[in-house]
Every structure is written in structure tokens, then in C-alpha cells.
Amino acid sequence: MIKKFIRKILGVKSKPENNGSGVNGANHKPTVLSAKEHGIDPKLLSSNAIRVTQTLQENGFKAFVVGGAVRDLLLGVKPKDFDIATNATPEQVKRLFRRAFIIGRRFQIVHVMFGQDLLEVTTFRGAATEGALKDEHGRVLRDNTFGEQHEDAVRRDFTINAMYYDPASQTVLDYHGGIADIRKKTLRIIGVPEARYREDPVRMLRVVRFAAKLQFTIDAATRAPIPVMAPLINNVPSARVFDEMLKLLMSGHAMACLQQLRKEGLHHGLMPLLDVVLEQPLGEKFVTLALANTDERIQQGKTVSPGFLFASLLWHQVVEKWDAYKAAGEFSIPALHLAADDVLNTQTDSLALQRKIGSDMRDIWAMQPRFEKRVGKTPYKLLENTRLRAGYDFLLLRCASGEIEAEIGEWWTDFINGDDIERERLLTIKPKQESTGPAKKRRPRRSGPRKPDSASKVSE
Ligand code: ATP
Ligand code: MG
């Protein structure tokens with residue numbers, strides 16, 4: 001077993017399906033594909049990506065579009081962003097552009113800005129991870145060496161992410177059989193899968209995201225170790241897992257990603273959020289609708305706020321706790337805030353939910369009971385709320401999932417769109433029935449005066 005592993009590391013035995021490439025860096029020479037062979041439409045390239053590679057090349061450096069952008073170009077998809085790889089050092093890159101910033105301490109990269117457009121320029125990384133600082137599970141903590149292009153290729157995660165495109169000559173450099181894998185619609189990790197997941201367990205989440213997003217199959221050897229190695233993700237800093245989760249949920253294929261995570265045995269005990277999302281029978285319809293809605297928006301090129309997304313994913317956990325607090329005698333609105341606190345605290349500890357996202361979630365939740373008050377000045381006050389749109393979209397999801405009467409959503413649609421006369425008319429309509437949902441007011445069981453509660457500040 002160990003011998004086999006060492007042979008693999010040394011690239012003694014290369015896999016035929018790897019297109020003859022040695023595993024872990026044995027192949028220094030890439031396959032070079034001409035425009036006719038790879039068929040990339042140059043119109044899909046951003047002018048800024050061309051500007052950056054051209055400037056670097058004019059100054060004597062190598063420069064290529066790399067990674068996901070090349071993959072997308074080969075698939076005929078317009079890349080959402082462009083990463084550039086070069087042999088220029090970060091300092092050398094910085095000197096060539098007016099708005100360029102070196103970021104990152106662990107491994108410096110350069111952000112080159114043109115207006116709002118940001119391009120990430122990375123210096124080729126060195127191959128050796130043996131000498132890199134690792135944690136006790138083998139996760140690479142620090143690895144700062146620059147290197148040759150073929151070494152950079154071997155450090156990338158999947159064969160389809162390790163190709164380089166030169167806009168000037170319109171050639172693609174393929175070091176690990178990426179083209180063949182794109183054609184076979186296969187996701188294959190570069191090198192020995194176990195070793196690569198150990199170095200960086202987030203690669204297990206990435207493979208799932210790409211499989212769902214691109215509708216590619218995961219190669220058997222790449223896939224096999226995942227269920228066993230899944231617990232290693234617990235050692236990754238939660239902020240990084242959160243970033244990857246966000247990418248997954250905002251990929252335009254969130255539902256497919258979550259289903260794939262479950263299929264690969266990656267969801268369980270991995271992140272409390274996923275357990276909640278995938279295993280809540282009550283909220284399943286709501287979550288399914290929310291994710292379908294998110295996927296649709298992303299696919300139409302619209303924005304989705306992480307706050308809205310996480311507020312949706314965790315809503316039914318809030319509802320459950322909200323009911324429990326009300327049953328214990330708490331008033332509805334403070335009960336909702338207590339429930340929100342509980343849910344947010346759990347998720348903040350484990351998921352590094354950023355403060356801003358947490359407060360957006362709370363705003364959306366807190367607005368919900370207010371939609372039920374369709375008399376007097378309350379609806380007008382709500383119209384002025386800067387978060388009305390998010391709160392209202394959320395309300396519509398609750399209606400669509402059957403949690404509350406559809407009539408409430410319809411009323412609000414009319415109220416938001418109506419003129420003054422229409423609004424006055426709407427205020428005179430007696431609701432058909434009170435909501436059946438948890439926002440329904442219940443008489444608190446507790447007797448005696450209630451202590452003022454900070455959470456009740458927002459109640460009306
Ligand atoms: P997308 O941007 O569509 O999500 P991507 O492949 O561009 O996909 P990025 O996170 O932008 O993903 O990374 C850019 C490139 O950097 C990848 O294509 C890959 O070559 C390399 N890369 C990113 N993360 C890792 C990782 N954890 N291990 C090895 N290589 C990685
Ligand atoms: Mg990218």
C-alpha cells in the first residue's frame with residue numbers, strides 16, 4: 001500500500017485516463033491546443049483579462065488566463081471572473097498597473113482593478129508541499145513558494161481547472177488531461193486523491209459543487225475517499241467552510257449541490273446548517289422553494305443577498321423555537337427575537353456567519369409578524385422600511401409554501417403597488433381569517449407583569 005503510494009507520488013505509474021500525465025508533477029510538458037482544436041470563442045473573453053495578460057507579456061513575463069475561466073471558456077460559457085497566472089512576482093505585477101494591490105499574507109496575490117472589475121493575478125506556485133507547514137491532520141497551513149508553470153499546474157485541484165489560455169496566441173496549455181476530461185464530462189483530482197483531500201479538505205466540497213454545477217460525473221478514484229475523509233472538513237477554519245458554502249449556495253445550482261453533498265455522504269454532521277436544511281421535514285417545501293428561487297435569480301444574472309438566503313434556510317428552525325417560546329408564555333414578538341437569537345448563536349459559532357449577514361437575517365425575520373397587521377398606520381410604516389423588499393419576498397415564500405394564507409401576500413402585493421386610494425380601500429378590508437402560521441397571536445400563559453425585554457423594542 002505504502003509502496004504503491006510512493007510510486008504514485010513519484011509518478012512512476014501514470015494512469016492512462018490521466019492522458020499520460022504523471023501524477024503529482026511528473027509531466028513538465030503540456031499538450032498545446034490551437035484555436036481550431038480547442039474552439040474557444042474569443043468574444044467570451046473580457047477585455048480586461050486581455051489587457052492584463054498583454055501588459056505582462058509586453059513586459060517580458062508569461063501570462064495566462066487560468067483555472068475556472070478556461071474551463072468555462074472551453075464549455076462555451078462566459079466566465080464570471082478571470083484569474084490570471086504569471087511568472088512575474090507580486091511586486092513586479094503591482095508596478096505594471098495603476099490600481100493594483102498586493103493582498104494576502106500566507107500567499108500573496110495581486111488584485112488588479114479596472115473600474116468595478118477585479119482580476120486576481122497569481123504568481124506560479126511551487127510544487128513541493130512536502131516541506132510545507134501542516135496541521136496534525138496533514139492540512140497545509142503555510143506554503144509560500146513560487147515556482148514553474150508545470151509546478152503551478154500540479155498544485156491546482158482538478159484536471160479541468162489546470163489549463164492555461166494565452167489570449168495572444170489563442171492557445172490552451174493542458175498539463176493534466178483537462179481537455180479529455182472536459183469532453184468526457186469528468187471531474188478528476190490531480191494526484192493521489194487521499195493526499196490532496198488531506199492537504200485541503202475543502203476540495204471535497206469543491207468537487208461536489210463543480211459536479212452539480214457542470215453536471216459532470218466524479219471519477220471513481222476521486223470520489224471513493226470522500227465519505228471516509230469527510231470529517232476532515234471539521235478541522236478547516238469555519239470562515240473558509242462558510243465561503244465555500246456560500247459559493248455552493250450561490251452557484252445557480254444550490255439544490256443540486258445539496259443533493260450531491262448528501263449523495264457523497266458529505267452533509268452529515270459536517271455543518272449544522274446543512275443538517276438543518278436537509279433534514280427538516282417541516283421546512284422542506286419552504287427550503288426547496290427558496291433554493292429554486294435563488295437558483296432562478298442567479299441564472300437570470302440577478303443578485304441574491306446571503307442574508308436572505310440564510311434567513312430562508314434557517315426559517316423553520318426559527319419557527320420551531322418561536323412556537324416553543326410562545327407556548328412557554330412569551331409574547332409573540334419577543335418570542336421571535338429569542339428564537340432568532342438561539343438560531344443565530346448556534347450558527348455563528350459553527351459557521352462564522354458574518355455579523356452583517358446575521359443582522360440582515362434578523363431584520364427579515366423580525367418583519368414577518370408586522371405583515372400580519374393590516375390596519376392603521378402599521379402597513380405605511382412598513383412601506384418606509386429599507387428592507388421591505390427582502391421582507392416582502394420572504395413573506396411571498398411563506399405564502400407559496402403554504403405556511404400562511406396566500407391572501408396575505410396578495411394583499412401586500414396590492415398595497416405596495418397601489419395608489420393612496422387603493423391603499424385606503426385595502427385597509428378597510430377585513431382579512432378573511434387570521435394567519436394560521438406561527439405569527440398568530442396567542443394569549444400568553446404567563447400571569448403577572450412582564451419585564452421589559454430588549455428584544456421587544458422592535459415590536460409595535
Ligand atoms: P468558480 O470561480 O467558477 O467557482 P474556479 O475553478 O475558478 O471556479 P476559484 O475558487 O475561483 O474556482 O479558483 C480558481 C482556480 O484556483 C481553480 O480553478 C483552481 O485551479 C485553483 N484552486 C482554487 N481552489 C483550490 C484548492 N482548494 N486547491 C487547489 N487548487 C485550487
Ligand atoms: Mg474563479
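Which loop holds Lys-185? Lys-185 sits in the loop between helix 7 (178-184) and strand 11 (186-187), where helices (H or I, at least four residues) and strands (E, at least two) are DSSP runs numbered from the N terminus.

A quick word on the ground rules. The model is predicted, so local features need pLDDT of at least 70 and side-chain atom pairs count only at pLDDT 80 or more, while totals for chains, interfaces and linings use all residues. Residues are numbered from 1 along each chain as its sequence is written, chains are lettered from A and ligands numbered from 1 in the order in which they are written, and side-chain values use heavy atoms, with hydrogens and water left out.

**The ligand site**

Let's start with ligand 1. There are 17 residues around ligand 1, and those that come nearest are Lys-80, Asp-200, Arg-203, Arg-209 and Lys-247; a residue is near if one of its heavy atoms lies within 4 Å of the molecule. The shell divides into 13 charged residues, 3 polar and 1 nonpolar. In that count, Asp, Glu, Lys and Arg are charged, Ala, Val, Leu, Ile, Met, Phe, Trp, Tyr, Cys and Pro are nonpolar, and the others, Gly among them, are polar.

| Residue | Polar atom | Distance to an oxygen atom of ligand 1 |
|---|---|---|
| Arg-206 | side chain | 3.0 Å |
| Gly-68 | backbone | 3.1 Å |
| Lys-213 | side chain | 3.2 Å |

Taken alone, ligand 1 exposes 590 Å², and the protein buries 83% of that. Those areas come from the Shrake-Rupley method with a 1.4 Å probe; for residues, only the protein chains shown count as cover.

Which helices supply at least two residues each to the shell around ligand 1? They are helix 4 (68-74), helix 9 (202-214) and helix 12 (238-249). Helix 9 gives the most, with 5 residues. Ligand 1 lies between domain 1 (20-189) and domain 2 (192-270), because both give residues to its shell; the domain bounds come from an automatic or database domain assignment.

**Aromatic pairs**

Now for the rings. The whole structure holds 15 aromatic pairs. Rings of Phe, Tyr and Trp (its six-membered ring) pair if their centres lie within 6.5 Å; planes under 30 degrees apart count as stacked, over 60 as edge-to-face and the rest as tilted.

One of the pairs is Phe-371 with Trp-412, edge-to-face at 5.0 Å centre to centre with 85° between the planes. This pair links distant parts of the chain, 41 residues apart: Phe-371 is in the loop between helix 18 (355-367) and helix 19 (378-384), and Trp-412 is in helix 21 (residues 406-417). Phe-371 counts as buried at 0% relative accessibility, and Trp-412 is buried at 0% too. Buried here means under 20% relative accessible area, exposed over 50%, and partly exposed in between (1.4 Å probe, protein chains only).

Trp-411 and Phe-415 make a stacked pair, 4.9 Å centre to centre with 10° between the planes. They are 4 residues apart in helix 21, so about one helical turn separates them. Trp-411 is buried at 5% relative accessibility, and Phe-415 is buried at 0%.

Elsewhere, ring pairs tie Phe-286, Phe-308, Trp-315, Trp-322 and Phe-394 into a cluster.

**Loops and backbone**

Ser-251 is in the loop between helix 12 and helix 13 (254-263). Is Ser-251 buried or exposed? Ser-251 is buried, with a relative accessible area of 12%. Its side chain reaches the backbone oxygen of Leu-248 at 2.9 Å, and a polar atom of that side chain lies 3.1 Å from the backbone nitrogen of His-253.

Back to Lys-185: its phi is near 55°, a positive value in a residue other than glycine. Lys-185 is partly exposed, at 43% relative accessible area. Gln-215 also has a positive phi, about 55°, although it is not a glycine. Gln-215 lies in the loop between helix 9 and strand 12 (217-218) and is exposed, with a relative accessible area of 63%.

Methods: A polar contact is a pair of N or O atoms within 3.5 Å; within protein, one must be able to donate a hydrogen and the other to accept it, and residues adjacent in sequence count only if both atoms are side-chain atoms.
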